[in-house]
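Thanks for coming, everyone. Let me put the structure on the screen and walk you through a few spots.

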Amino acid sequence: MRGMSVPSHAGAAERAEVPAPLLICEHCDTVYRRRPLARGETARCARCGALLERHHGLGPGTMLALVLTALVVFVEANAWPIVTLGLNGEQVSTTLWGMITFMWKQDAQVVSVLAAGTLFFFPLAKILLLGWVLLFARAGRRAPGFRPVMVALHYLHPWTMSEVFVLGVLVSIVKAHLYFDVVPDPGVFAYAVLVVLITVFAGIDLRRLWELVPERPA
Amino acid sequence: MSALPRAHELGLIGCHVCGLVCRDAPVPDAACPRCGSPLHRRKTASCARTWALLIAAFILYIPANVLPIMRTASLGDVDDNTILSGVVELWVKGSPDLAVIVFTASILVPLTKFLVLATLLVSAHRGSAWARLQRARLYRLVEFIGYWSMLDVFVVALLTALVQFGVFSLVAPLPGVIFFGLTVVLTMLASMSFDPRLIWDGRSDDD
Ligand SMILES: [Zn+2]
Ligand SMILES: [Zn+2]
């Protein structure tokens with residue numbers, strides 16, 4: 001079996017790419033010929049109804065601006081306290097990392113790790129990696145490490161949960177409100193803005209970035 | 001089926017990672033020329049992996065619901081909350097709207113995921129042609145709603161960090177929340193390892 005693939009693996013891979021502008025539905029494997037989409041138009045699969053492609057008005061420059069804004073807001077959302085509780089004049093507030101370290105100390109390390117990953121490391125990695133790719137794409141170039149970065153972005157995609165956390169803060173406020181004085185702190189507003197930004201650039205089709213900056217022969 | 005040809009009928013294969021359309025070469029360990037990921041027609045051992053993850057998730061789901069997820073103590077008064085009792089408390093004392101949201105995220109969504117994925121697995125295994133479009137839609141729904149179940153885990157974590165008033169009021173996490181967090185991760189992995197292309201395949205081929 002191995003003998004077959006030995007001669008010039010790279011050459012064989014080069015020929016594997018199909019030149020015609022085709023598109024395959026990820027959900028059912030139906031093949032389509034690609035057509036240019038009008039502004040705001042989306043293409044859906046005729047067999048299974050999944051989204052195939054959507055038109056993108058945003059250029060790399062605009063996307064980069066969005067990602068950099070998200071980075072600033074992300075830093076604020078993490079640095080500022082989220083909520084303050086008051087009881088008998090005593091006050092307790094926490095940040096995201098306060099929550100993560102506290103769960104660790106309370107013998108809930110699994111929860112601590114889940115929160116650190118889905119609310120801090122993965123969103124941060126997503127913002128930084130996307131920013132890195134776009135920084136170079138703006139100049140029409142491929143960023144160093146483009147390939148592994150794009151693959152990492154693909155796998156990171158389902159594991160960022162900032163929007164769930166914002167809903168969680170809301171539920172916590174309502175629950176705590178029964179017994180305590182609750183003051184939402186700037187962190188929660190930064191989080192709300194972050195979620196809006198994340199929703200906007202969640203629409204960025206990673207597959208389009210592959211085409212935006214074509215590979216150059218070295 | 002010539003109007004809507006499928007990839008294997010044209011000798012094509014779409015990269016699962018970057019979407020590039022490639023020729024389906026009869027080479028073992030073929031890799032995508034654009035992103036370098038291994039090319040395969042269907043997700044590897046999709047049904048077996050999805051079953052394994054789904055069953056593991058279901059096993060953990062039992063202690064996640066039976067065991068309390070959070071302890072609230074105030075002036076010697078100790079109260080242990082399960083997921084369901086948390087929803088009830090929210091309904092009675094807080095806001096019914098949020099109780100509905102938490103009930104949906106913590107109870108309805110995980111149960112829907114178990115039911116939908118098991119149905120998809122059984123019907124895909126049989127190569128059933130029954131309600132294909134509806135099954136495809138159900139899969140996309142499950143993929144979309146899955147991670148919202150983490151809601152209760154974050155609520156417990158945040159309340160624990162905030163409610164620290166010594167003898168007056170304390171909140172601590174209990175093992176149920178750990179099982180619940182793991183259940184959510186496992187159900188997410190299960191829905192990711194299911195290959196929706198199998199819904200449209202005549203008989204199950206799992207390579
Ligand atoms: Zn489709
Ligand atoms: Zn690829």
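Start with Leu85(A), which sits opposite Val182(A) of strand β7(A). We're looking at a predicted model, where local features need pLDDT of at least 70, side-chain atom pairs count only at pLDDT 80 or more, and totals for chains, interfaces and linings use all residues. Residues are numbered from 1 along each chain as its sequence is written, chains are lettered from A and ligands numbered from 1 in the order in which they are written, and side-chain values use heavy atoms, with hydrogens and water left out.

Now, β5 (83–87) and β7 of chain A run antiparallel, joined by four bridges. Strands here are DSSP E runs of at least two residues, and helices are H or I runs of at least four, numbered from the N terminus; two strands pair if DSSP finds at least two bridges between them. The open sheet in chain A reads β6-β5-β7, three strands with antiparallel pairing. Its edges are β6 (90–94) and β7 (181–184) of chain A, each pairing on one side only.

So what does chain A share with chain B? Here, 74 residues of chain A are in contact (heavy atoms within 4.5 Å) with 76 residues of chain B. Between the two chains there are three salt bridges, meaning a side-chain nitrogen of Lys or Arg within 4 Å of a carboxyl oxygen of Asp or Glu. One salt bridge brings together the side chains of Glu211(A) and Arg34(B), at 3.9 Å, N to O. On the side of chain A that touches chain B, α7(A) gives the most, with twelve residues.
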